[in-house]
Amino acid sequence: MESRELKSASAGFNGAELTVTGTEGKDWIQILHHPIYCYQDGTQATNMTLVKINTQEVLLFQNANLKSIRVLGLGGDDRVDVTNPAQNRVEQLSIDLGQG
């Protein structure tokens, strides 16, 4: 899955850093790390990260080189959930919830 924008929200992975930007409204940003990810067709992939914004899947990528996560919530009353940050390989986690 490639980087996509969602109502001005976006997520992108450059090979080492994941950047997620919310909207000025109330957002629920989820960064979910899966040691084994199962696709709908039954195939599997290892070491995957799924980014959801307001329950919509925005980005899916293999996280072998993920070192940094940066979340910019902007405005609104945001919620950010990060699970198992790439099996503890993430060196930096930055979350800015803005003034919401």
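Tutor: Start with the surface. The protein exposes about 5700 Å², and carbon and sulfur atoms supply 45% of that area. Keep in mind that this is a predicted model.

Student: How many helices and strands are there in the protein?

Tutor: There are zero helices and nine strands. Read from the N terminus, the order is β-β-β-β-β-β-β-β-β.

Student: What share of the residues counts as buried?

Tutor: Of the 100 residues, 37% count as buried. As for contacts with a separation of 6 or more, 55% join residues 24 or more positions apart.

Student: Why is Gln-30 called buried?

Tutor: Buried means under 20% relative accessible area. Gln-30 has 11%, so Gln-30 is buried. Gln-30 sits in strand β4, residues 28-38. Leaving out residues up to four places away in sequence, Gln-30 touches Leu-50, Val-51, Lys-52, Thr-55 and Asp-81.

Student: How many aromatic pairs does the count come to?

Tutor: The count comes to two aromatic pairs. One is Phe-13 with Phe-61.

Student: What makes the pair of Phe-13 and Phe-61 stacked?

Tutor: Check two values. The ring centres of Phe-13 and Phe-61 are 4.0 Å apart, and the limit for a pair is within 6.5 Å. Their planes stand at 15 degrees, and stacked needs under 30 degrees. So the pair is stacked.

Student: Why does the pair of Phe-13 and Phe-61 tie together parts that are apart in sequence?

Tutor: Look at the strands. Phe-13 lies in strand β2 (residues 9-13) and Phe-61 in strand β6 (residues 56-62), so the pair ties together parts 48 residues apart in sequence.

Student: Are Phe-13 and Phe-61 buried or partly exposed?

Tutor: Phe-13 has 23% relative accessibility, so Phe-13 counts as partly exposed. Phe-61 has 8%, under the 20% cut-off. Therefore Phe-61 counts as buried.

Student: How do you know that Tyr-37 and Tyr-39 are edge-to-face?

Tutor: The ring centres of Tyr-37 and Tyr-39 are 5.1 Å apart, within 6.5 Å. The planes are at 80 degrees, and edge-to-face needs over 60. So the pair is edge-to-face. Tyr-37 is buried at 13% relative accessibility. Tyr-39 is partly exposed, with 33%.

Student: Which residues does Thr-83 touch?

Tutor: Not counting residues up to four places away in sequence, Thr-83 touches Ile-31, Leu-32 and His-33. Thr-83 and His-33 are 50 residues apart along the chain, with their C-alpha atoms separated by 6.0 Å. A polar atom of the Thr-83 side chain lies 3.4 Å from the backbone nitrogen of His-33.

Student: What makes Asp-81 and Arg-79 a salt bridge?

Tutor: Side chains of opposite charge can pair when their charged atoms come close. The closest N and O atoms of Asp-81 and Arg-79 are 3.1 Å apart. The cut-off is within 4 Å, so the two form a salt bridge. The count comes to one salt bridge.

Student: Are Asp-81 and Arg-79 exposed or partly exposed?

Tutor: Asp-81 has 21% relative accessibility, so Asp-81 counts as partly exposed. Arg-79 has 47%. Exposed needs over 50%, so Arg-79 is also partly exposed.

Terms used: Residues are numbered from 1 along each chain as its sequence is written. This is a predicted model: local features need pLDDT of at least 70, side-chain atom pairs count only at pLDDT 80 or more; totals for chains, interfaces and linings use all residues. Side-chain values use heavy atoms; hydrogens and water are left out. Helices (H or I, at least four residues) and strands (E, at least two) are DSSP runs, numbered from the N terminus. Buried means under 20% relative accessible area, exposed over 50%, partly exposed in between (1.4 Å probe, protein chains only). Contact means heavy atoms within 4.5 Å. Rings of Phe, Tyr and Trp (its six-membered ring) pair if their centres lie within 6.5 Å; planes under 30 degrees apart count as stacked, over 60 as edge-to-face and the rest as tilted. Accessible areas come from the Shrake-Rupley method with a 1.4 Å probe; for residues, only the protein chains shown count as cover. A polar contact is a pair of N or O atoms within 3.5 Å; within protein, one must be able to donate a hydrogen and the other to accept it, and residues adjacent in sequence count only if both atoms are side-chain atoms. A salt bridge is a side-chain nitrogen of Lys or Arg within 4 Å of a carboxyl oxygen of Asp or Glu.
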